[in-house]
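Please look through the structure shown here before reading on.

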Amino acid sequence: MREIQASVIAETVARLAVEANHFLGEDVVAALKKARFEIEESPQGKDVLDQLLKNVEIAKEGAFPLCQDTGVAVVSIELGQDAHIVGGDLIPAIHEGVRKGYTDGYLRKSMVGQPFSARKNSKDNTPAMIHTEIVPGGQLKIIVMPKGGGCENMSALGMLKPADGRQGVLDFVTSVIDKAGSNPCPPTIVGVGIGGSADQAMWLAKKSLLRPVGQPNADEETAALEKDLLTRINNLGIGPMGLGGRVTSLAVHALVVPCHIASMPVGVNVQCHSARFKEAVL
Amino acid sequence: MKLTTPLTEEMVAQLRAGQTIEITGTIYVARDAAHKRMVETLDRGEKLPVDLSGQIVYYMGPSPTKPGKVIGSAGPTTSGRMDRYAPRLMEIGLKGMIGKGLRLPPVKDAMQKYKAVYFAATGGAAALIAQRIKKAEVMAYEELGAEALQKLEVEDFPVIVVNDMYGGDAYEDGKKQYARK
């Protein structure tokens, strides 16, 4: 059985949190460049995209994170069933990594306890939001995704009727993005989870964001839905920062799973242009 | 167009939705928790820790300042969360707000009533925006950390007028111009 040290997990989470907040993925940068130089027509929209591309360069130097909102640390774990964690427990090790990464890395601490009353800041950005999956093999894959509050607040769940069908999905997701307007820092990436139960649809919506930007779903019918959604969304005219333009979203990513005969859950998770995540395999 | 703070009613009267502006001078920083405290202070009939008359409030909570720097990354937060508090601050003389995202009708109405303006900075351009901040000082509520009330000195701080005092709305105009059936 393969052994993985808890301390290595903590160090890895810490490193990934800092890297994700300073180095925007090349796929996201490419999508922003395509939006700027090939698609956007609005002068203000182009100016916004220029600012975002400049921002990427400054953040890379290491003194300033991409966004002041360095996010809630969403940590996705794929643990191989043959791996054995030694020298500590998995979940505390992840929280420890977040604590270390956000403290030593000068990242903003944005987590508050007792959300409906005291809202007291934990001062180390814990707890992380952890999703675990058990997979074959002996490796541990860790993805750290700092998720900003502004775009996360625009999330929505639609418990649609089976009769609503494909058109219902198009209408619901488009209406969520329309209502969100300039709030989630467009251009966005829209994550959509279709099927499952209410909770699963929401997680799939977020999980779909962990795909390279614009890479279509492997299933042809789902890929066609993603494409139609992107067209509908960009036809809204919201544009970069909501000031009007052709590029409201860079991509739509959907994940689809079976569901109950009575249901058609549709989860929407909005990701701002600062689409940050880094992964490591131990 | 360039603007130097504090803002007078005459200066606000010149601004129109959609204009690109560079702000120089003092601006104040406050977000959710600081707004809650300020409005509670006013409701108790007490004075605010800073005089907001003629001033601009920037909705922002910076990342921590690295050694040798003035401030951390410093982009705008979503303004809608301050909608509950904003009219009360305009009532006591606040002239400008900087943030990003949509405002509710009562806030836009208050801008017309009290002759104030709402600017948007580019959300997520936080590292770039930080370069325009020359000085930062915590004025109150230090225990709120990133949510403390701060005073900034800014130079050519780039914003766009979203809502002017005449009811103009750059978000609505922009969307109308680029929407397709």
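## A charged pair in chain A

In this predicted model, A:D124 counts as buried because its relative accessible area is 12%, which falls under the 20% cut-off. The side chain of A:D124 meets that of A:R99 in a salt bridge, with a distance of 2.8 Å from N to O. The two residues belong to distant parts of the chain, 25 residues apart, since A:D124 sits in the loop between strand 5 (120–121) and strand 6 of chain A, while A:R99 belongs to helix 4 (residues 90–104) of chain A. A:R99, for its part, is partly exposed, with a relative accessible area of 32%.

Helix 4 of chain A also holds both members of another pair, A:K100 and A:D104, which are 4 residues apart, or about one turn of the helix. Their side chains form a salt bridge at 3.0 Å, N to O, and A:K100 is partly exposed at a relative accessible area of 37%.

## Charged pairs in chain B

In chain B, the side chains of B:K108 and B:D169 meet in a salt bridge of 3.0 Å, N to O. This pair, too, links distant parts of its chain: B:K108 lies in helix 4 (residues 105–114) of chain B and B:D169 in the loop between strand 7 (149–163) and helix 6 of chain B, 61 residues apart. B:D169 is buried, its relative accessible area being 6%.

A network of salt bridges links B:K2, B:E22, B:R132 and B:D156. Over all chains, the count comes to 30 salt bridges.

## The two domains of chain A

Chain A is divided into domain 1, made of 2–20 + 66–147, and domain 2, which covers 150–274. The C-alpha centres of these two domains of chain A lie 26 Å apart, and 10 residues of domain 1 are in contact with 12 residues of domain 2. The area buried between them is about 840 Å², with carbon and sulfur atoms giving 65% of it. On the side of domain 1, A:H131, A:M145 and A:K147 lose the most area to domain 2, together 58% of what that side buries.

Between the two domains of chain A there are 2 salt bridges. A:K147 forms a salt bridge with A:E152, in which the closest N and O atoms are 2.7 Å apart. Also counted between the domains are 4 residue pairs in polar contact. Strand 2 (72–80), strand 6 (129–135) and strand 7 (140–147) of chain A each give two or more residues to the side of domain 1 that touches domain 2, and strand 7 gives the most, with 3 residues. The residues of that side comprise 5 nonpolar, 2 polar and 3 charged.

## Where chain B meets chain A

Between the chains, 42 residues of chain B are in contact with 45 residues of chain A. The buried area is about 3,500 Å², of which carbon and sulfur atoms give 56%. In chain B, the residues that lose the most area to chain A are B:K66, B:Y178 and B:R180, together 19% of what that side buries.

The count between the chains is 1 salt bridge, and A:D178 and B:K175 meet in a salt bridge of 2.5 Å, N to O. There are also 18 residue pairs in polar contact between chain B and chain A. Helix 5 (126–130) and helix 6 (170–178) of chain B each supply at least two residues of the side that touches chain A, and the largest share, 5 residues, comes from helix 6. This side of chain B divides into 18 nonpolar, 15 polar and 9 charged residues.

Key:
Residues are numbered from 1 along each chain as its sequence is written. Chains are lettered from A and ligands numbered from 1 in the order in which they are written. This is a predicted model: local features need pLDDT of at least 70, side-chain atom pairs count only at pLDDT 80 or more; totals for chains, interfaces and linings use all residues. Side-chain values use heavy atoms; hydrogens and water are left out. Domain bounds come from an automatic or database domain assignment. Contact means heavy atoms within 4.5 Å. Buried area is the accessible area (1.4 Å probe) that two parts lose on being put together, summed over both. A salt bridge is a side-chain nitrogen of Lys or Arg within 4 Å of a carboxyl oxygen of Asp or Glu. A polar contact is a pair of N or O atoms within 3.5 Å; within protein, one must be able to donate a hydrogen and the other to accept it, and residues adjacent in sequence count only if both atoms are side-chain atoms. Ala, Val, Leu, Ile, Met, Phe, Trp, Tyr, Cys and Pro count as nonpolar, Asp, Glu, Lys and Arg as charged, and the others, Gly among them, as polar. Buried means under 20% relative accessible area, exposed over 50%, partly exposed in between (1.4 Å probe, protein chains only).
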